[in-house]
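Q: I am new to reading protein models. Could you take me through one, feature by feature?

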Amino acid sequence: MQPIENLLRERISLRRFADCPLNQGDVDWIVEGAMRAPTAGNMMLYSMILITDPIKKQVLSETCDHQPFIAKAPLVVAFLADYQRWFDYYRNSNVNAYCLERGLEFCGPDEADLLLACSDALIAAQNAVIAAESRGIGSCYIGDIMENYERHRELLNLPAWVFPVALLCFGYYPEGERPAPRSRFDRKYIAFAEQYQRFNPEGLNEMLAARAAAFTPANPYGAQNYGQWMYARKTGAPFSAEMARSVREALKNWKGDRIRMNNHVDELDEGLTNVWEPRVSEDASSVPKWWRVLEIMRKELSRPSFETWIAPLRPVHLEGELCLYCQNLFQKDWAESRYKQSLERAVLAVMPDIRGITFTLEKTVEQ
Ligand SMILES: Cc1cc2nc3c(=O)[nH]c(=O)nc-3n(C[C@H](O)[C@H](O)[C@H](O)COP(=O)(O)O)c2cc1C
């Protein structure tokens with residue numbers, strides 16, 4: 001273990017790695033370090049995907065702005081802003097019905113939720129960087145994972161409310177190789193007392209003087225000064241335009257759209273935008289009635305049976321029938337074989353206009 005002062009002062013972004021895999025203990029330590037990071041509301045609004053598959057790494061090295069070293073990193077970890085887990089849980093918990101009963105709207109995550117989840121993911125990522133460094137493992141962030149949203153979504157099997165905000169490459173430092181730390185701007189430009197400070201042109205020139213000294217007018221961008229050169233290489237570069245397009249596409253899923261009763265079924269199949277558009281006619285008033293059905297069933301069954309097999313069912317009123325969505329095949333088979341008749345009786349008692357009930361397998365992320 002290195003003292004933390006050395007570790008922070010000597011860390012660099014490592015782009016050439018020793019040619020050997022990380023040992024499992026070190027991988028576990030990196031994951032544990034990430035998971036010990038602070039997290040908003042202790043909700044852990046992030047996930048990590050550990051990638052060692054050479055083909056996947058090769059694809060990422062191309063989709064992340066053609067950076068071949070990604071394919072050579074022994075371990076690549078995608079850090080994902082993740083609200084899917086919580087909203088799946090909210091839906092499992094019948095939050096929709098809860099909201100309907102109280103005249104509230106049940107809305108999916110919005111832009112603020114995305115920013116909060118990104119904060120969580122990035123803080124976890126940086127903890128992973130420090131944990132890795134403490135074991136002699138270097139790392140490099142890849143911001144370009146925010147590009148090519150559609151391809152990454154497919155490659156990593158991401159549902160609608162998961163956004164890949166950072167990729168980290170990890171690998172041991174090559175024997176005897178420790179690149180020197182890169183300079184930073186002077187502290188006075190970055191850390192202010194009490195209020196924000198904006199700089200005049202002289203101040204900004206001073207801040208960038210050392211870097212601008214390396215500027216040469218003979219550059220491929222036709223830039224005439226360091227500011228133009230940086231803009232051409234970074235902010236105005238084609239990769240930035242792709243990132244903007246890609247993020248805009250992803251943002252379409254983070255508009256806080258109202259969640260309807262029947263559209264939890266298949267956001268993945270429908271593509272990721274407008275995922276909450278209803279596909280079948282919906283009778284919202286069936287929900288409080290469903291609660292009355294639940295009350296009848298609750299009285300008939302033991303608590304574990306009720307909570308395991310009946311409470312998780314999600315009703316959708318479909319053209320005179322009540323379709324009950326089940327979370328997995330096992331639940332469907334069990335509920336259908338054991339409780340169909342009693343459920344039918346309860347449903348008819350509360351909703352005499354219903355012709356019958358059907359059990360349907362819900363398509364979830366895992367299937
Ligand atoms: C959000 C973020 C995105 C980055 N994306 C890339 C990248 O795509 N490719 C790369 O080689 N380095 C990337 N880096 C590493 C930076 O280039 C590096 O941190 C910076 O040049 C300072 O160097 P240092 O980390 O060695 O101090 C990224 C860093 C951050 C924080």
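Q: In which sense do strand S2 and S4 pair?

A: Two strands pair if DSSP finds at least two bridges between them. Strands themselves are DSSP runs of E, at least two residues long, and helices are runs of H or I, at least four long, all numbered from the N terminus. Here strand S2 (residues 75-82) and S4 pair in the antiparallel sense, over eight bridges. In S4, Phe163 is the bridge partner of Ala81, and Leu168 is the bridge partner of Val77.

Q: What kind of model is this, and how are residues numbered?

A: This is a predicted model, where local features need pLDDT of at least 70 and side-chain atom pairs count only at pLDDT 80 or more, while totals for chains, interfaces and linings use all residues. Residues are numbered from 1 along each chain as its sequence is written.

Q: In what order do the four strands of the open sheet lie?

A: The order is S1-S2-S4-S3, with antiparallel pairing. S1 and S3 are the edge strands, and each pairs on one side only. Neighbouring strands are turned by 25 degrees against each other on average, direction ignored. Such angles use lines fitted to C-alpha atoms, for helices over the stretch in contact, and run from 0 to 180 degrees between N-to-C directions.

Q: How many bridges join S3 to S4?

A: Six bridges join them, and the two strands run antiparallel. Cys140 stands opposite Cys169 in S4.

Q: Is strand S4 buried or exposed?

A: Count C-beta atoms, placed from the backbone: a residue is buried with 20 or more others within 10 Å of its own, exposed with 12 or fewer, and partly exposed in between. In strand S4 (residues 162-172), eleven of the eleven residues are buried, so the strand is largely enclosed by the rest of the structure.

Q: What is the order of the open sheet of three strands?

A: The order is S5-S6-S7, and the pairing is mixed. Strand S5 (314-318) and strand S7 (356-361) are at the edges with a single partner strand each, so one side of each has no neighbour in the sheet. The twist averages 30 degrees from one strand to the next. Strand S6 (residues 321-326) pairs with S7 in the parallel sense over six bridges. Leu322 stands opposite Ile357 in S7.

Q: Which strands does helix H14 touch?

A: Contact means that the C-beta atoms of two residues, placed from the backbone, lie within 7 Å. Helix H14 (residues 329-350) packs on the sheet and touches S6 and S7. Its direction makes about 165 degrees with that of S7.

Q: Why does Met44 count as partly exposed, and why does Asn148 count as buried?

A: Count the neighbours again. Met44 is partly exposed because it has 17 C-beta neighbours inside 10 Å. Asn148 is buried because it has 23.

Q: Which domains does the protein chain have?

A: Domain bounds come from an automatic or database domain assignment. The assignment gives domain 1 (4-172), domain 2 (198-236) and domain 3 (286-361). The C-alpha centres of domain 1 and domain 3 lie 38 Å apart.
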